[in-house]
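Here are some notes for a colleague who wishes to read through this model with the coordinates open.

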Amino acid sequence: MRDRDHVREIDHVLNGRPSERDGVVAQSWRRCVNDYGLDPTRPSPPHIVTESRLREHREQSERLIAIARSGLEALFRQIAGQKYVLLLADAKGVTVDYFGDPKFEDELRRAGLYLGSDWSEQLAGTCGVGSCLVTQQAITIHQTDHFDLTHTPLSCTAAPIFDTSGNLTAVLDISLLRSPQPKISQSLALNLVTASARRVEMANLMAMNRGDWVLRFSTSPEFLDVDPEAAVALDGSGRIIGMTHGAETVLAQQGTGAVLGERIDRFFDLSVDNLPDLMRGRPTEDRLITLRDGQGMFGHAIAPQSERLSLPVARGGPTSAFQSIGGSDPAIQRLVAEAARLAPTSIPVLVTGETGTGKERLIRAIHASQPGNRPFVALTAATPPEDWPALAEAAQTGTLFLDAPEDLPPASQSHLLRLVAGLDTLPTRRRPRLMTATAADLPALVREGAFRPDLFFRLAAARLSLPPLRLRQDFDWLLDRMMRQFSHLRPDSLRLSPAARAELQSRDWPGNLRELANTLEVAVALAEGAVIDLPDLPPAPLAPVERPDTLADVLAACGGNMALAARRMGVNRSTILRRARRDGLLPN
Ligand SMILES: Nc1ncnc2c1ncn2[C@@H]1O[C@H](COP(=O)(O)OP(=O)(O)OP(=O)(O)O)[C@@H](O)[C@H]1O
């Protein structure tokens, strides 16, 4: 196209005549004339900033240049030999880094494709870098898309790079001095530059948030670990403290407005507590996470570097003491919510549950969620009663933990009642909080006359009941958590084979979490290779027994898997099927 035609076309577009130009180009032309006062009949040479200004611009972008460099080098290798030049411009449009073929350096310099050239749209008119900065989108400005006649031989493709707070911070551009005429010839360049900008943002997020959890996500499991689409950094309470632009785009579509500062569970069916389950080592297909609109994605969590080998996640915050209690089991979640509400009060709490279900652990979590370093003192039937007053005194301002009070003979129960009643005479601020754990059915013992009712009512103002392991729906979460706990001292990363996992899922676990912990600890200690397989598991010490659990509960805990439920209940599959039909859980 001759120069005159170019000017005439710009004139037509400005006068609102129909044009085949891309809309973004036409809008930029209008900005050039109406907003910046540029004149298409007066070409102007490239604007190169002075050496000292360039130094200032480079200093301000130093961190980004350092982080972007390896990505840019990789990109340059991909396009080498095709006469592309690669520019990194800062948020003002000034080229702060440059890769080009030294053979063409003079020509590139004359065209402004060089360090220090200022490609802001206000100065250079419609161009790759400048128009990308204004539109905040990846863009190709091909030949006569350029406003200024000086640049019409060029083809420039640019993508924005956003910082972890979502501000446009730089532009990555690849340009050609001479290109084939059809604009479509540059679509590969657009993909390349967009992908490279995404990788630079990812590298920047990782570098900025070494001490935080990072959640990467992708729609495709194949690329999740190698080239994920998006990522967010999270603080200890699950709030988003950094993001890539891809993450902002996906999460903003969940209709909640702002992304930064929001908790991850507003966007995904996921809390900070689930992050360890999404770490590398789990099969990618198991790392499925669901957006609030139901769309599935694959997640990859990267632990804070200083905490890589330790268990997650707690870093202060009101709920962190409870984060180890359970995963996505609805009953456990309700229980933890109640425990957290009871925690700041002085109400005596009775925690019930079969042996090894984690009663003491829950009580310690309630205790730990209180501010300050308060005493935690345990009193059991094995403690001689003459020592009790000293223990009660030591527990002042903290917790007096009564473990298995049903083991106390009647005389000791009266003694305990007096001790507990005596605590009421202490000033409130010194009075120890009573928390009791029992695997016994205390109300039944009260009815039978084996446990003092007045003592029972003193201890059981509030009651929390822990489910047995066989009825928990977060079995896999517990399994993975314990695996990490026991294998973290091993240099190789140990995992369970699918068969071993299935066997553990199908066991009855009469000893509950204690039995599971013991089993895994032994298996980890004995494992020779990197995988714990079926023969590496110690056998279940007790055979399954018939239990009063409802079929609906067992099926829920087994995710509806009949064969698994049958193994856990110690009956065959057809019995489960028959009972499920009888109980109306399945159609006849
Ligand atoms: N959420 C959990 N995650 C990992 N391990 C757990 C969890 N809860 C309990 N455990 C482990 O299981 C074992 C039993 O826990 P705990 O002593 O709290 O149970 P308990 O119900 O008080 O047992 P008992 O009734 O036999 O005294 C301990 O080794 C504990 O570390």
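The points below concern a predicted model, and they begin with the ligand.

1. The shell around the ligand draws residues from both domain 3 (320-465) and domain 4 (470-582), and the ligand therefore lies between these two domains. Of the 18 residues around the ligand, those that come nearest are Gly358, Lys359, Glu360, Arg361 and Leu513. Two or more residues of the shell are given by each of helix H11 (359-368), H16 and H18. Sorted by class, the shell comprises 7 nonpolar, 6 polar and 5 charged residues.

2. Helix H16, which covers residues 475-487 and has 13 residues, reaches 18 Å from its first C-alpha to its last, close to the 18 Å expected at 1.5 Å a residue. Its buried residues are Phe475, Leu478, Asp480, Arg481, Met483, Arg484 and Ser487, and the elements against which these buried residues pack are strand S16 (495-496), helix H17 (498-506) and helix H18 (512-526).

3. The largest nonpolar core has 46 residues, and the residues with the most contacts inside it are Ala89, Val129, Ala158, Val171 and Leu172. Strand S1 (residues 84-90) supplies the largest share of this core, namely 6 residues. Apart from this core lies another one, of 33 residues, which includes Ile325, Ala343, Ile363 and Ala395.

4. Val171 deserves a separate entry: once its neighbours within four places in sequence are left aside, Val171 is in contact with Ala89, Val129, Cys132, Leu133, Ala158, Pro160 and Ile161.

How values were computed
Residues numbered from 1 in each chain as written. Predicted model: local features only at pLDDT ≥ 70, side-chain atom pairs only at ≥ 80, totals over all residues. Helix = DSSP H or I, 4+ residues; strand = E, 2+ residues; numbered from the N terminus. Expected span 1.5 Å × (residues − 1). Buried ≥ 20, exposed ≤ 12 C-beta atoms within 10 Å, placed from the backbone. Contact = placed C-beta atoms within 7 Å. Near = placed C-beta within 6 Å. Nonpolar A, V, L, I, M, F, W, Y, C, P; charged D, E, K, R; others polar. Domains from an automatic or database assignment. Core = buried A, V, L, I, M, F, W, Y, C linked by C-beta atoms within 7 Å.
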